[in-house]
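Here is a friendly briefing to read alongside the picture.

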Amino acid sequence: MQALPSRLSLLRRRRAEERAVKAVLLLFAMVSTLTTLGIIYVLFQETALFFREVSFAQFFLDTRWTPLFLSQRFGIWPLVNGTVLVAALAMVVALPLGLLAAIFMSEFASEKVRRILKPFLEILAGIPTVVYGYFALTFITPLLRSIFPQTQVFNAASAAIAMGFMILPTVASLSEDALYAVPRSLREAAYALGATRWEVATQVVVPAALSGIAAAFILAVSRAVGETMIVAIAAGQQPKLTLNPLESIETMTAYIVQVSLGDTPHQSLAYMTIFAVGMMLFLMTLGMNVASYMLTQRYREVYE
Amino acid sequence: MKGYEVRFEPDLPRRQAVGRIWQGVALLAILMGIAVLLTLLVRVFLDGLPYLRPQLFTEFPSRFPDKAGLRSALQGSIWLMVLTALLSFPLGVGAGIYLEEFAPKNAITRFIEINIANLAGVPSIIYGLLGLGLFVRGLGLGRSLLAGVLTMTLVILPVIIVSTRESLRAVPASIREAALALGASRWEMVRDHVLVYSMGGILTGMILALSRAIGETAPLITIGALTYIAFDPRGPLDIFTVLPIQIFNWVSMPQEAFHRLAAAGIVILLAVLLSMNALAIWLRNRLQKRW
């Protein structure tokens, strides 16, 4: 009879402990939400200060970006131009190679071959970006200069090629997941109609996995746009409007690095520019990430 | 009705030949990636060879390549890795446990999940701007190791949460049901059963996340991690530098000798990363349970 109250209090204690643990864990889970809020808050605050000094029209209509010079100009387009140029070129490397690699891994490779090839792609994906930057500057650039002598020491193409190979494994692995999710029955139906393996892969499996592949592609573009160290090392510091990949350019990320390395005083206009540029970058990648996420959700629903 | 006039032409040998050619092309795509990887590794190693010597570990950075070393960068990287691990492990694993084992299926949970998925895709340099605005200026931590640790923790949290959730999900429901049937509370079930079985996977994910942290450069540059540090860091409030920043610094120099120093630094960095990956694979094989 005496055991009863103590057991009750034990139960109560356990329940209190349970609630406390749950609350703490929820708090940990909220850190990510706070991070997003923090990013938006910091970017927004400094960007608002920036736009008090510089008008929207100047930012979006001017065609020159020279905040660190005496004659300050704040047209964002040269930086966007550099970013898009490098990202687009990187995609020329990463998308076809990545998709082909995914098709080979998912549709043709035997289990044994997969086990040999996969670790290489994983290592390729795990190499720090600063290493790719070194590789671009000391290996790819000299190579390009021997083919196209007019290539500048810092140029968009060299950074883009290194970036392409850096992103290739991401494209390959995400596309492979999408291909893998296509049910067997679709493949077998196509075989039964007399299609060859390659025809099944390209005319049945790839179209069926298209939204997943598109999601992978968009994510790849987003990574290329946000990639920093390769372009900071190999692509140069000259913001300009050009489509010539052999010229020196500057990307949004490289600009942020350039300012961060210098002794730009806090509260100065140049200091605020990196947040305005960061805001632009954040919005661009956010848009792409959301699009990619929605596409993945869609293709998951089809076959489950 | 032109579409119906298509005649069936089997011509199987030709179609199969085309398939084989494309299959070869697809294999070539992978081999190209591997070729780039091997070229990169061999080049870096050969470039760095002359500077791979004891002084690389014992000397501070210097204006003279022959006297320069990685001492402060190595110490900074170790400090950063240990402190980031201490902070991000409880936060990331805790968040993963909450979302996988406790969270009700409602709008708030979905919001947190979408948030994490999105954060994983935010460029790391944006985290640097967050760290600059929030930790360096906002909290007044300055360009300290602590500011770097906090920033890097936020960078790798999404990775840890995702891998923790995957490891927890791999534990079969029967284990949970057995524990609950014997009267365990939810937390007791997680702590004494589910976590024990999934620890291999969680630790593997943790090591992989940390290996990302020590290679990450951009956010630390943005918060202003200095490159010229000629003393041993004593604590979390000291200014600091890390391996990839020192490498970046050397790559940015015009002289060839500094490029070779950078290559030597890269060899060290890659060696650390590869051994961490090997450790992760070993852990996975040893601790991970197959059901």
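What percentage of the 304 residues of chain A count as buried? The figure is 49%. Keep in mind as you read that this is a predicted model.

**Chain A**
- Chain A contains 12 helices and 0 strands, so its radius of gyration can be read next: at 25 Å, this value is well over the 19 Å that the globule rule gives for 304 residues, so chain A is more spread out than a compact globule.
- Along the principal axes, the C-alpha atoms of chain A fill a box of roughly 85 × 65 × 35 Å.
- Among contacts in chain A with a separation of 6 or more, 74% are between residues 24 or more positions apart.

**Chain B**
- In chain B you will find 11 helices and 0 strands.
- The C-alpha trace of chain B spans about 75 × 65 × 40 Å along its principal axes.
- Of the 291 residues in chain B, 44% are buried.
- Residues 24 or more positions apart make up 75% of the chain B contacts with a separation of 6 or more.

**A helix to look at: H6 of chain B**
- Helix H6 of chain B covers residues 145-169, which is 25 residues.
- From first C-alpha to last, H6(B) reaches 35 Å, close to the 36 Å expected at 1.5 Å a residue.
- At Ile156(B), H6(B) bends by about 40°, and Pro158(B), a proline, follows within four residues.
- H6(B) is mostly covered, with 21 of its 25 residues buried.

Definitions and conventions: Residues are numbered from 1 along each chain as its sequence is written. Chains are lettered from A and ligands numbered from 1 in the order in which they are written. This is a predicted model: local features need pLDDT of at least 70, side-chain atom pairs count only at pLDDT 80 or more; totals for chains, interfaces and linings use all residues. Helices (H or I, at least four residues) and strands (E, at least two) are DSSP runs, numbered from the N terminus. The expected span of a helix is 1.5 Å times one less than its number of residues. The bend at a residue is the angle between axes fitted to the seven residues ending there and the seven starting there. A residue is buried if 20 or more other C-beta atoms lie within 10 Å of its own, exposed if 12 or fewer, and partly exposed in between; C-beta atoms are placed from the backbone. Two residues are in contact if their C-beta atoms, placed from the backbone, lie within 7 Å. The radius of gyration is taken over C-alpha atoms; the globule rule is 2.2 Å times the number of residues to the power 0.38.
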